[in-house]
Amino acid sequence: MSTKITDIPSTLQQSDLNQLKPEKSDIGLTRPDHSKNVFIDWLTTVDHKKIGLMYGTLALFFLLVGGVEALVIRTQLAVPENNLVSAQMYNQLFTMHGTTMIFLAIMPLNAAFFNFLVPLQIGARDVAFPRINAFSLWSFVAGALVINFGWLLQALEAFGLFSASGPTAGMNDFVPAMGWFGYAPLTSKEFTGAGTDFWIMGLQILGVASISASFNFIVTIINMRAPGLKMMRLPVFTWMTLIVSLLIIFAFPAITIALAQLMFDRVFGTNFFSVAGGGQPILWQHLFWIFGHPEVYILVLPAMGIVSEVLPTFSKKPLFGYSIVVFSGAVIGFLGFAVWSHHMFTTGLGKIATAAFSLLTMAIAVPTGVKIFNWVGTLWGGRVRFQAPMIFALGFVWMFMMGGFSGIMHSSAPADAQQQDSYFVIAHFHYVAIGGILLAIISGIYYWLPKMIGKMWQGNLNLWVAVMTVVGLNITFFPMHFLGLLGMPRRYHTYLSGFGWETYNMVCTIGSYILGLGVALLVVDIILCFRSKKPAGNDPWDARTLEWATSSPPKVYNFAKTPIVNARDALWADKYGPESRKLGAMDEAHGIHMPSQSWMPLIASLGFIPLGLGLSLMQAGVPYAGYAAIFGLVTITFGISLWAIEGPGGYHLHPKEAVEEA
Amino acid sequence: MSQEASHDDGHHNLMVNNKKLIMWLFLGSDCMFFGTLISTHLIYRKLYPNEFEPTQLFSLELTSFSTFILLMSSFLMALSVSAMHKGQMKSFRRNVVGVIFFGLIFLGCQVYEFTHFAHEGLLVSTGTFGSTFYLMTGTHGVHVAIGIFWLISMLFYSQSGKMEAHKNAIDVEVAGLYWHFVDIVWIVIFTVVYLIEFIA
Ligand code: HEM
Ligand SMILES: [Cu+2]
């Protein structure tokens, strides 16, 4: 949807109207602004809200994909010596399940919230670099395609239409099969086929998407806050976005380089990780976890941000200890870089290193615990309303804590020696990932979807979603603690009977179906919300922050007039605070500047697809694949060059509301 | 185009232009990229001190020369930024041509060095030294090449007459930041990868 000309009052000067005509860019092409064609409009959009919605939709899709993979895994494990899937297929399923959930479901779901909310929460019209934002979205799409491309090849192979002939000939694992952390030397050419190449290239592209998005958000949050919105008045969700973005730009380089080294090993025969040439597989573990541990906080901090918004709204109280919540978020982010070796306790780091990493890991639980107390303190004495977002937020606090407890258990190196690579670790990170992150994200969906689409939830399906997900996840993952302590290793495609594992496994599998049903119901509820006839109104929850001050869904320009902020919970203070704390509005006589839409981010990102696929297929011996890679590189360069030359453009808007109020 | 200039009308809470801030962030992130590459090199060097004897191969004269050239290009870059700020187009263009020329000399030296080393038997597949050395210096070379491409585009753009001090000075300044950074990274690499080998 582009802006309607009817937004323009008739008193407008002719010169202003001219600027609404689709302008020619500096390369002489007409900019795709105000397009009537829905496809062109969405493909070229630079609007953070549309980008956010696209991130969210795609991420939900991948959440379902990853979920189906998980259910197949659980079905295979339901009974001993099952052979529903082959060992090879099992490896592919758990690899793609982990990779999909982390990089294609949770990270982009978080990104959806960042995109939609951050500019609204800081009273801005868009992010600092709208076209880079579009580029991040489409690069994410490209990366997701490349990672999943192996499924297609594998299907073709099953029908006898494709077989590898190149350097990885005879290896028919076109889907990655070496685990989401891709430990060397399993990733070397001798052991795994093109799947590993798709995984390397896909993650590399996703890294580009994440890093570029993060630059954008940091600049936006630091530089584009509405007047009066000091850092210590920022909503906590925006704070967490800032911290996570910083984590991304400093943590991703480690894996980018590690992946590049791995790619060189596979394609050009270098020896970074290949044992025969002197390479040390343990180097991969270090580089991976230097990224990997900050990554788990990259996943969870936005969830903590969501909960820190929902709890105060539904307790009708300010967040208890705002500055402490922000500060402990920063401490977690910082310490997150210093604990990576707790994933490597059993590799023999030496006593001193092991003790140090063990202590630091215990230390990181402190700021995490502090936050829990802040959330509980927020509830204390509040007028708690048990509406859908609140139910999930409370679920988060409780379930996340369970994951934290098992985390502290294996922060002790001797204990971890028992738990490492067993189902105990699976239980730990699913409590933090599902009980923590996913519940918080669902809470965020229930809270903000009315703002995003302007329609209000109806019915009480949300209760069923809550019961099914919380009960399901506990039935699935609680028994895994016992399974782990009974010695059941992770990543084995089947097991023998007689170890006392049968009942637990059956229970886990039943639980996973309940959980799956819960997520399916969530999707149904979302669809129902889209069809709901009930308008959401600006502020359906009696909320506290700036995004609720504008219409639902917000107009392209977000705020008819830039707000002037005089308090921390800006909207709350406006509604119930003293006169001096109410929201002001900037006088913007010249109207609103909107950035122009552009094809270039899309074109540049699409170049990643032939680049990624080409380099991977080269390994599988597909003829001319190398040329596809070169073509991709040229497309990227071409897109970025035209992007630079076409100039940012932009047009003016004079929304009626602003003119009428004046 | 006043429109474009006013487009950036968002007040900057930090008094730093958005473009400059994003470049600083990129450079911060890039430090981690090079940090990882250089540490990998040093770790393997320490692990296998006798795997390869680089002093036989490195030509300190050549690399010092190319380092000096890169330093001088940074100097010219600073001059072109300052010329742009003053709106002196001619001087800006002259200096940018200088930067590009020096950058190309540096790349030329690197290409020569690589072919020479390969000829002498140091390939990417030669133990861990070949791997880490080529990936690290190669990544740096790619940075230089991107910088040259960027500056050449700017040169062409300035030829079109659309470049104006009040709106493009910031772009040149940002390119300058990048160029200086790439230069600094090289000084680090030159020190810890080349010079140190000759001390012991
Ligand atoms: C109280 C805070 C936490 C502590 C002390 C902690 C500690 C640990 C330790 C020591 C391990 C290694 C276990 C092993 O492999 O033997 C681990 C694994 C893991 N943790 Fe945590 N953790 C904490 C919070 C989190 C959070 C918030 C997340 C995610 C959002 C998370 C995600 C993971 C994941 C994904 C793994 C396993 C990775 C794998 O092996 O595939 N943890 N945790
Ligand atoms: Cu960790």
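1. Which residues does Ser512(A) touch, not counting residues up to four places away in sequence? In this predicted model, the contacts of Ser512(A) are Leu71(A), Arg74(A) and Thr476(A). Ser512(A) is part of helix α15 of chain A, which covers residues 502-531. With a relative accessible area of 7%, Ser512(A) is buried, because buried means under 20%.

2. The iron atom of ligand 1 has His428(A) as its only protein donor, through NE2 at 2.1 Å. His428(A) belongs to helix α13 of chain A, residues 423-453. The copper ion (ligand 2) lies 4.6 Å from this iron atom.

3. Three histidines coordinate the copper ion (ligand 2): His293(A) through ND1, and His342(A) and His343(A) through NE2, at 1.8 to 2.1 Å. Along the sequence these donor residues follow the spacing H-x48-H-H. His293(A) is buried, at a relative accessible area of 5%, whereas His343(A) counts as partly exposed at 23%.

4. Salt bridges come next. Side chains of opposite charge can pair when their charged atoms come close. Over all chains, the count comes to 11 salt bridges. One of them joins Asp539(A) and Lys575(A), with the closest N and O atoms 2.5 Å apart. This pair links distant parts of the chain: Asp539(A) sits in the loop between α15 and β1 (563-564) of chain A, and Lys575(A) in helix α16 (residues 570-576), 36 residues apart. Asp539(A) is partly exposed, with 23% relative accessibility, and Lys575(A) is partly exposed at 28%.

5. Arg544(A) pairs with Asp569(A) in a salt bridge whose closest N and O atoms are 2.9 Å apart. Arg544(A) lies in the loop between α15 and β1 of chain A and Asp569(A) in the loop between β1 and α16, so this bridge ties together parts 25 residues apart in sequence. Arg544(A) has 4% relative accessibility and therefore counts as buried.

6. In chain B, Glu173(B) and Lys20(B) form a salt bridge, 2.6 Å from N to O. Lys20(B) counts as partly exposed, at 24% relative accessibility. Back in chain A, salt bridges that share partners join Lys316(A), Asp539(A), Asp542(A) and Lys575(A) into one network.

7. Does the length of helix α3 of chain B agree or disagree with what its residue count predicts? Helix α3 of chain B has 26 residues (60-85) and should span 38 Å at 1.5 Å a residue. The end C-alpha atoms are 38 Å apart, so the lengths agree. Just after α3(B), Gly87(B) takes a positive phi of about 75 degrees.

8. Leu152(A), Leu156(A), Phe159(A) and Leu161(A) make a nonpolar surface patch of about 440 Å². Of these residues, Leu152(A) is found in helix α5 of chain A, residues 130-158. Leu152(A) is partly exposed, with a relative accessible area of 46%.

How values were computed. Residues numbered from 1 in each chain as written. Chains lettered and ligands numbered in written order. Predicted model: local features only at pLDDT ≥ 70, side-chain atom pairs only at ≥ 80, totals over all residues. Heavy atoms only, no water. Helix = DSSP H or I, 4+ residues; strand = E, 2+ residues; numbered from the N terminus. Buried < 20%, exposed > 50% of the residue type's maximum accessible area, 1.4 Å probe, protein only. Contact = heavy atoms within 4.5 Å. Expected span 1.5 Å × (residues − 1). Donors = N, O, S within 2.8 Å, 3.2 Å for Na, K, Ca; no water. Patch = residues over 30% accessible without salt bridge, like charges linked within 9 Å, V, L, I, M, F, W, Y side chains within 5 Å. Areas by Shrake-Rupley, 256 points an atom, 1.4 Å probe, with all protein chains shown as cover. Salt bridge = Lys/Arg side-chain N within 4 Å of Asp/Glu carboxyl O.
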